[in-house]
Amino acid sequence: MFAEDYQTTDFGDEGPRGPGEERMQKSLFEKYGGFSVVSKIVLDLYDRLLDDDDVGPFFDEIDMARIVDHQTKFVSSLMGGPASYSDEQIRRMHAHLEIHQLHFDKLQSLLRATLADHGVAPGDQEAILAAFEARRALVTG
Amino acid sequence: MTIAAINEQLLRAIGVGVALLDLETLRLRFCNDTFRGWFGEMEVGSNLLEQFGDLDVEALRAALTSEGRYATESTFRLRRRTMTVAMDFNRALDEDEPIAVLVCQNISRIKELESMIDSYSAMVERNTREIKREKEQVEKLLLNMMPRSVYEEYKTFGIVTPRLYDPVSVVCIDFIGFAEMVTEHEPAVIVSELNDIYTAFDRIGEQFGCARIRAVGDLYIGVAGLPDPTEDHAQAAANAAIRFMRYLHQRNASHPIQWSCRVGIASGPVVGSVVGVQKYIYDVFGPAVIYASRLRYMAEPMTITGNGAVVAALDNQFSATEAGTLALSGESEEPVFRISAEQMRAGQEL
């Protein structure tokens with residue numbers, strides 16, 4: 001008698017959403033196939049880093065597991081995967097290293113080449129590299 | 001080219017490190033290019049232990065003597081790369097001399113992958129924990145807004161079906177002079193007082209099975225008999241209402257701000273449903289809510305007024321006295337009652 005105006009309330013598949021909230025955009029991490037593809041990018045970047053005589057020496061005394069862990073989180077966080085660092089964490093992690101603009105530039109070009117070789121579209125490369133560039137001041141002295 | 005020459009060339013070129021060792025002395029007799037690439041400083045004639053100091057020689061000799069083979073791993077740095085090599089020793093004879101054939105496979109990539117999976121799974125596990133925590137927070141918030149059974153229905157089916165509950169008992173309370181109190185006191189003071197009172201009401205409601213469904217300003221509404229029907233919904237509502245007032249009496253005795261309420265209780269049907277799609281809320285509405293709300297206007301300060309239906313369902317713990325008539329539904333006037341607790345009369349004026 002008093003329920004006529006109240007139809008079943010349907011929240012849809014996504015559950016309740018706030019007003020104006022759009023369907024969440026896929027991260028680049030997901031777009032490029034998640035961990036199975038990103039892992040290849042990580043290992044390729046790892047190879048290039050160690051072979052590079054400008055950036056490589058930073059890893060001379062570092063345990064392999066730590067370098068791989070670092071690279072995995074680094075690439076994941078840049079691509080919107082399951083890792084994220086606050087600016088303060090990034091600053092603290094690099095504070096003891098003498099990273100110059102040259103090193104940063106070198107890593108940037110290695111990253112660009114790696115992404116390109118793994119089929120990351122130019123627009124997405126730019127987005128990832130922009131995220132990288134945004135942290136320049138946090139790590140370079 | 002002879003077969004032997006082809007064999008040797010093949011052996012030199014393959015991506016597996018191969019070396020021949022004198023079994024007695026463990027000195028290197030031969031190694032291929034891959035082996036030399038990894039362990040460049042080893043010359044033919046040098047002792048294996050110079051390169052692999054941590055090799056368990058005893059175990060190696062024992063295994064080669066008994067089973068004829070021995071397997072181990074070795075990790076070393078090649079430039080700045082950490083290399084891990086799986087080493088497989090096999091006993092053989094070279095023109096009647098006992099030798100060991102050492103075959104080395106580069107398993108660095110596997111080790112790197114293992115490290116990466118460790119790293120990734122740690123990240124995913126941490127995220128999963130965070131998501132779980134957030135989910136619990138959301139669940140807690142939603143459970144504040146709707147009964148658990150309604151929440152479970154929403155979680156399972158994504159929808160909540162409006163439902164008629166008949167009968168239930170609704171308690172409606174407001175405070176006399178609330179508008180003046182709000183202007184007289186600091187907002188923070190009023191909010192903190194209301195928080196105190198509503199928290200106590202919630203606790204009492206929980207104890208007696210009369211859950212809050214709404215609190216808007218000074219209006220507090222609780223309902224008994226929902227979502228699980230109970231026979232004693234009227235008792236539950238009356239018990240809660242009596243305790244609400246008893247709590248206020250006790251509180252007033254020790255607090256500077258005095259709160260005086262009036263209470264309406266009504267039994268009847270209600271509909272429970274989630275209303276709204278984006279700004280959704282679980283709401284209970286219908287005759288019992290409207291009646292209880294109207295009945296409270298008939299109540300003197302710190303008394304309870306109820307309709308006939310609720311009084312009919314109360315046992316002898318409570319007493320009801322007629323307190324006039326009210327047009328609750330439609331035009332016809334019906335009697336309303338003042339409800340009080342029998343056992344509390346002697347000690348406490350309610």
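**Figure 1. Helices H2 and H5 of chain A cross at roughly 140 degrees, and their axes come within 10 Å.** This angle makes H2(A) oblique to H5(A). The crossing is right-handed. From H2(A), the contact is made by A:Ile41, A:Asp44, A:Leu45, A:Arg48 and A:Leu49. From H5(A), A:Leu110, A:Leu111, A:Thr114, A:Leu115 and A:Asp117 take part. The model shown here and in the other views is predicted.

**Figure 2. H5 (residues 101-117) and H6 (residues 122-133) of chain A pack at an angle of about 155 degrees.** Their axes are 10 Å apart. H5(A) is therefore roughly antiparallel to H6(A), because an angle over 145 degrees counts as such. The crossing of H5(A) and H6(A) is right-handed. On the H5(A) side, the contact residues are A:Gln108, A:Leu111, A:Arg112, A:Leu115 and A:Ala116. They meet A:Gln125, A:Ile128, A:Leu129 and A:Phe132 of H6(A). A:Leu111 and A:Leu115 also belong to the contact with H2(A).

**Figure 3. H2(A) and H3(A) pack with their axes 9 Å apart.** The angle is about 125 degrees, which makes H2(A) oblique to H3(A). The crossing is right-handed. A:Val38, A:Ile41, A:Val42, A:Leu45 and A:Tyr46 lie on the H2(A) side of the contact. A:Ile67, A:Val68, A:Gln71, A:Thr72, A:Val75 and A:Ser76 face them from H3(A). A:Ile41 and A:Leu45 of H2(A) also touch H5(A). Chain A as a whole has seven helices and one strand, in the order β-α-α-α-α-α-α-α. Buried residues make up 21% of its 141 residues. Of the chain A contacts between residues at least 6 apart in sequence, 74% join residues at least 24 apart.

**Figure 4. Helix H5 of chain B, residues 108-145, packs against chain A through its buried residues.** The 38 residues of H5(B) should span 56 Å at 1.5 Å a residue; the end C-alpha atoms are 55 Å apart, which agrees. Buried positions in H5(B) are B:Glu112, B:Ser115, B:Met116, B:Ser119, B:Tyr120 and B:Met123. An α-helix has 3.6 residues a turn, so residues three or four places apart point the same way. The partners of the buried residues are H2 (35-51) and H3 (64-78) of chain A.

**Figure 5. The largest nonpolar core has 51 residues.** B:Val170, B:Val171, B:Ala237, B:Ala241, B:Val263 and B:Ile265 touch the most other members. Helix H9 (residues 233-254) of chain B gives the most to this core, with 10 residues. Beyond its neighbours within four places in sequence, B:Val170 is in contact with B:Ile221, B:Val223, B:Ala237, B:Ala266, B:Val270, B:Ala288, B:Val289 and B:Ala292. A second, separate core has 26 residues, including A:Tyr46, A:Met64, A:Met79 and A:Ala83. Chain B contains 12 helices and 14 strands. Of its 350 residues, 30% are buried.

Figure 6. Most residues other than glycine have a negative phi, and most peptide bonds are trans. B:Pro167 lies in strand E7 (residues 163-175). B:Pro227 sits in the loop between strand E9 (219-224) and H9.

**Figure 7. B:Leu26 and B:Arg79 have positive phi values.** Phi of B:Leu26 is near 60 degrees. Its loop joins strand E1 (17-22) and strand E2 (28-31) of chain B. B:Leu26 is buried because it has 20 C-beta neighbours inside 10 Å. Phi of B:Arg79 is near 55 degrees. This residue lies in the loop between strand E3 (69-78) and strand E4 (81-94). B:Arg79 has 10 C-beta neighbours inside 10 Å, so it counts as exposed.

**Figure 8. B:Arg12 belongs to helix H1 (residues 3-13) of chain B.** With 15 other C-beta atoms within 10 Å, B:Arg12 is partly exposed. Its C-alpha atom is separated by 7.7 Å from that of B:Cys31, 19 residues away along the chain. Leaving out residues up to four places away in sequence, B:Arg12 touches B:Asn32 and B:Asp33.

Key:
Residues numbered from 1 in each chain as written. Chains lettered and ligands numbered in written order. Predicted model: local features only at pLDDT ≥ 70, side-chain atom pairs only at ≥ 80, totals over all residues. Helix = DSSP H or I, 4+ residues; strand = E, 2+ residues; numbered from the N terminus. Expected span 1.5 Å × (residues − 1). Buried ≥ 20, exposed ≤ 12 C-beta atoms within 10 Å, placed from the backbone. Contact = placed C-beta atoms within 7 Å. Core = buried A, V, L, I, M, F, W, Y, C linked by C-beta atoms within 7 Å. Axes fitted to C-alpha atoms, helices over the stretch in contact; angles between N-to-C directions. Parallel < 35°, antiparallel > 145°, perpendicular 65-115°, else oblique. Left-handed = near helix turned anticlockwise from the far one by under 90°.
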